[in-house]
Amino acid sequence: MPVLKTAKALQGVEAGERIAVLASDPLAGLDIPHFCNEQGHVLEDSAREDGWMRFVIRKGA
């Protein structure tokens, strides 16, 4: 589910803009980086915070 919501959120921003994603799903740590790589987005940062994973993604072209 985090990848689907991330893809939808990225539709609403211009190339080069960033979004932050918070996820509690343990598989997001694998799925979000893979999604970014496959779709041409840049995963600029990822961290664990209080049981959550935070990702900063810059939308690709």
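## Burial and surface

In this predicted model, 30% of the 61 residues of the protein count as buried.

The charged side chains comprise 7 positive and 9 negative ones. The centres of these two sets lie 3 Å apart.

## Fold and dimensions

Two helices and three strands make up the secondary structure of the protein. Their order along the sequence follows the pattern α-β-α-β-β. The protein has a radius of gyration of 11 Å, close to the 10 Å given by the globule rule for 61 residues, so it is as compact as a globular protein of that length.

The C-alpha trace spans about 30 × 15 × 15 Å along the principal axes of the protein. Among contacts with a separation of 6 or more, 61% are accounted for by residues 24 or more positions apart.

Is Thr 6 buried or exposed? Its relative accessible area is 3%, which is under the 20% limit, so Thr 6 counts as buried.

Which residues does Thr 6 contact, leaving aside its neighbours within four places in sequence? With those neighbours left out, Thr 6 is in contact with Ile 19, Val 21, Ile 32, Phe 35 and Ile 57.

Definitions and conventions. Residues are numbered from 1 along each chain as its sequence is written. This is a predicted model: local features need pLDDT of at least 70, side-chain atom pairs count only at pLDDT 80 or more; totals for chains, interfaces and linings use all residues. Side-chain values use heavy atoms; hydrogens and water are left out. Buried means under 20% relative accessible area, exposed over 50%, partly exposed in between (1.4 Å probe, protein chains only). Contact means heavy atoms within 4.5 Å. Helices (H or I, at least four residues) and strands (E, at least two) are DSSP runs, numbered from the N terminus. The radius of gyration is taken over C-alpha atoms; the globule rule is 2.2 Å times the number of residues to the power 0.38. Lys and Arg count as positive and Asp and Glu as negative; His and the chain ends are not counted. The place of a charge is taken as NZ of Lys, CZ of Arg, CG of Asp or CD of Glu.
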